[in-house]
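I opened the model to look up a few things and kept notes as I went. The entries follow in the order I made them.

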Amino acid sequence: MDQPVSYFGAGPAKLPQPVLQQAAAAILNFEENGLSILELPHRSRAFKNILEEANALVNELCGLDGAFEILWLQGGGRLQFAMLPANFLGHDQQAGYIDSGHWAAEALDTARLYGAALVSSSAKAQHYRQLPAWPQNLPASLRYLHVTPNNTIYGTQWAALPDTGSLPLVADLSSDIFSRPRHYAGLSMFYAVAQKNLGPAGVTLVAIRKDFLQRPARALPPYLDYCAHVAAGGILNTLPVFPIYVCLLYLRWLKARGLEGQLLENSQKAALVYEAIDNSRYFRCPIAPADRSLMNVVFRGEEPETERLFAAYCRAEGLQGLEGHRSAGGFRASLYNGVSLQEAQKLALAIQNFKPETI
Ligand SMILES: *Cc1c(COP(=O)(O)O)cnc(C)c1O
């Protein structure tokens, strides 16, 4: 590549260079055994080793202490929006949903197909520019409370989640898993699509507390039944071997850095970019400062013309993937784990140096 590109896409997202290099080598020859990783059977010993090491790393990085079943499923975030209520929410039962953004609302709408999904708290009236208040006095009858700690499209994030006591908390960690230490073991279940902070598209990490797992609330085809996956040792169907392998490489890379180290770097990256926006005459970040995400930095130009010129400026500077979500417009810089400090510095400098009159 003659021109280095810095990539801030929201997902599929930037992967760390060493992960890409090892993944590329494994496509031609996996562990010197002459097979490509793309040809590796999902029931081979070699693949079981990949799965076991990946699960052990998830367990270790999240401090799960063996209390969770770990699954690698297909169908992305959307399928988890359905599998969660299909398994845990009977048609005559209630679950609470915190409506903090686009994906949170989609999870809620999907749950309504299965049972009574209640809006426990919402920031919709504030156009999701801040986090909703954490719900209080929830009915004890709720099967679970669903939360989306990082709102990928709007750029808000809960740094830590309150303790919900005996009410099971389920989190969609798709856009901030492994970006910081969290009390993961305090959740009853969490899931995360790989394509943001963990690997390529095609696989979703699902972790369910063993004491929360139960027979599904209704008759389900085996693929939709968490218990069926657990009973099959996590290999119910032909798993996406290559995406899981790339996740393993990413997990090894994360382990070497540690989640504390990752949080430090993610905080530095976000601070640089927010500071450049806040100090610029040409841009503004619409998100309440206390609720700003370290992962997705959303910003707008003061004028539509400024946005057009900045987009052209970024193209010329090799900064890519900055378009806001098609529903939100403006810009969004995703600073996931795979985006380096140097790339964030480059973006902050571009925002700082940009002058529409000189373009
Ligand atoms: C990206 C994203 C999703 C959607 O994932 P798909 O794999 O496209 O279904 C769900 N939840 C959150 C928080 C996301 O960021």
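I started with D65, which I found in the loop between α2 (45–61) and β2 (68–73). D65 is not a glycine, yet its phi is positive, about 55°.

A note on what I am reading: this is a predicted model, where local features need pLDDT of at least 70 and side-chain atom pairs count only at pLDDT 80 or more, while totals for chains, interfaces and linings use all residues. Residues are numbered from 1 along each chain as its sequence is written, and side-chain values use heavy atoms, with hydrogens and water left out.

Next I checked the peptide bonds. G11 and P12 are joined by a cis peptide bond, with omega about -5°. P12 sits in the loop between β1 and α1.

I then listed salt bridges, taking one as a side-chain nitrogen of Lys or Arg within 4 Å of a carboxyl oxygen of Asp or Glu. The structure holds 14 of them. One of these pairs K14 with E343, at 3.2 Å from N to O. That pair links distant parts of the chain, 329 residues apart: K14 is in the loop between β1 (6–7) and α1 (17–28), and E343 is in helix α9 (residues 341–353).

I looked up the domains, whose bounds come from an automatic or database domain assignment. Domain 1 covers 18–257 and domain 2 covers 258–358. Their C-alpha centres are 27 Å apart. With contact meaning heavy atoms within 4.5 Å, domain 1 puts in 28 residues and domain 2 puts in 26.

How much area do domain 1 and domain 2 bury between them? I read about 2200 Å², 52% of it on carbon and sulfur atoms. Buried area here is the accessible area (1.4 Å probe) that two parts lose on being put together, summed over both.

Across this interface I found one salt bridge. I also noted E265 and R257, whose side chains meet in a salt bridge at 3.4 Å, N to O. For polar contacts I took pairs of N or O atoms within 3.5 Å; within protein, one must be able to donate a hydrogen and the other to accept it, and residues adjacent in sequence count only if both atoms are side-chain atoms. On the side of domain 1 that touches domain 2, β6 (150–151), β7 (156–157) and α6 (241–257) each supply at least two residues. The largest share, six residues, comes from α6.

Last, the ligand. I counted 13 residues around the ligand, a heavy atom within 4 Å being the cut-off. The closest are R78, T152, D172, Q195 and K196. D172 has a polar side-chain atom 2.7 Å from a ligand nitrogen. Q195 has a polar side-chain atom 3.1 Å from a ligand oxygen. For K196, an N or O atom in the side chain is 2.6 Å from an oxygen atom of the ligand.

Methods. Helices (H or I, at least four residues) and strands (E, at least two) are DSSP runs, numbered from the N terminus.
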